[in-house]
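Here are my notes on the model you sent over. Have the structure open while you go through the points.

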Amino acid sequence: MTVLEQVSHETMVFMRGRYRLDEIGNGKDELKFKQGQKTILTIQIHKCYR
């Protein structure tokens, strides 16, 4: 697991444990936490090439 994936995973675990929000994902690299029509947090996974 890359550092980016680990941070994303830990953020999702935190959000799921603390808040009751709707989760909407695109099935590839994005997960949105929403409350009604308002987006609270969007997590996007992208590889960084240096």
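**Notes on the predicted model**

1. Charges to begin with. The chain carries 9 positive and 6 negative side chains, and the centres of these two sets sit 4 Å apart. Keep in mind that this is a predicted model.

2. On the overall layout, the chain has one helix and three strands. Reading from the N terminus, the order is α-β-β-β. Along the principal axes, the C-alpha atoms fill a box of roughly 40 × 20 × 15 Å.

3. Next, the surface. Of the 50 residues in the chain, 16% are buried. The chain exposes about 4,500 Å², and carbon and sulfur atoms supply 50% of that area. As for contacts with a separation of 6 or more, residues 24 or more positions apart account for 20% of them.

4. Which residues form the largest nonpolar core? There are six: Met12, Met15, Leu21, Leu31, Phe33 and Ile43. Helix 1 (3-18) and strand 2 each supply at least two residues of this core. As background, nonpolar side chains in soluble globular proteins tend to be buried together.

5. Have a look at isoleucine 43, one of the core residues. Leaving out residues up to four places away in sequence, isoleucine 43 touches Ser8, Thr11, Met12, Asp29, Glu30, Leu31 and Phe33.

6. Lysine 34 deserves a comment. This residue is in strand 2 (residues 30-35). Lysine 34 is buried but has no salt bridge. The nearest side chain of opposite charge belongs to aspartate 22, and that is 8.1 Å away. A salt bridge would need a side-chain nitrogen within 4 Å of a carboxyl oxygen, so at 8.1 Å aspartate 22 does not pair with lysine 34.

7. What does lysine 34 touch, not counting residues up to four places away in sequence? The contacts are Leu21, Asp22, Ile24, Thr39 and Ile40.

8. How many salt bridges does the count come to? One. In a salt bridge, the side chains of glutamate 23 and arginine 16 meet at 2.8 Å, N to O. Glutamate 23 is partly exposed, with a relative accessible area of 37%, and arginine 16 is partly exposed too, at 48%. In general, side chains of opposite charge can pair when their charged atoms come close.

9. Now for helix 1, which holds valine 3 and glycine 17. Valine 3 is exposed, with a relative accessible area of 64%, and glycine 17 is exposed with a value of 64%. These two residues are 14 residues apart along the chain, and their C-alpha atoms are separated by 21 Å. From glycine 17 to leucine 4, 13 residues apart along the chain, the C-alpha separation is 20 Å.

10. Cysteine 48 is found in the segment after strand 3 (38-44). Is cysteine 48 buried or exposed? With 61% relative accessibility, cysteine 48 counts as exposed, because the cut-off for that is over 50%.

Conventions
Residues numbered from 1 in each chain as written. Predicted model: local features only at pLDDT ≥ 70, side-chain atom pairs only at ≥ 80, totals over all residues. Heavy atoms only, no water. Helix = DSSP H or I, 4+ residues; strand = E, 2+ residues; numbered from the N terminus. Buried < 20%, exposed > 50% of the residue type's maximum accessible area, 1.4 Å probe, protein only. Lys, Arg positive; Asp, Glu negative; His and termini not counted. Contact = heavy atoms within 4.5 Å. Core = buried A, V, L, I, M, F, W, Y, C linked by side-chain atoms within 4.5 Å. Areas by Shrake-Rupley, 256 points an atom, 1.4 Å probe, with all protein chains shown as cover. Charge placed at Lys NZ, Arg CZ, Asp CG, Glu CD.
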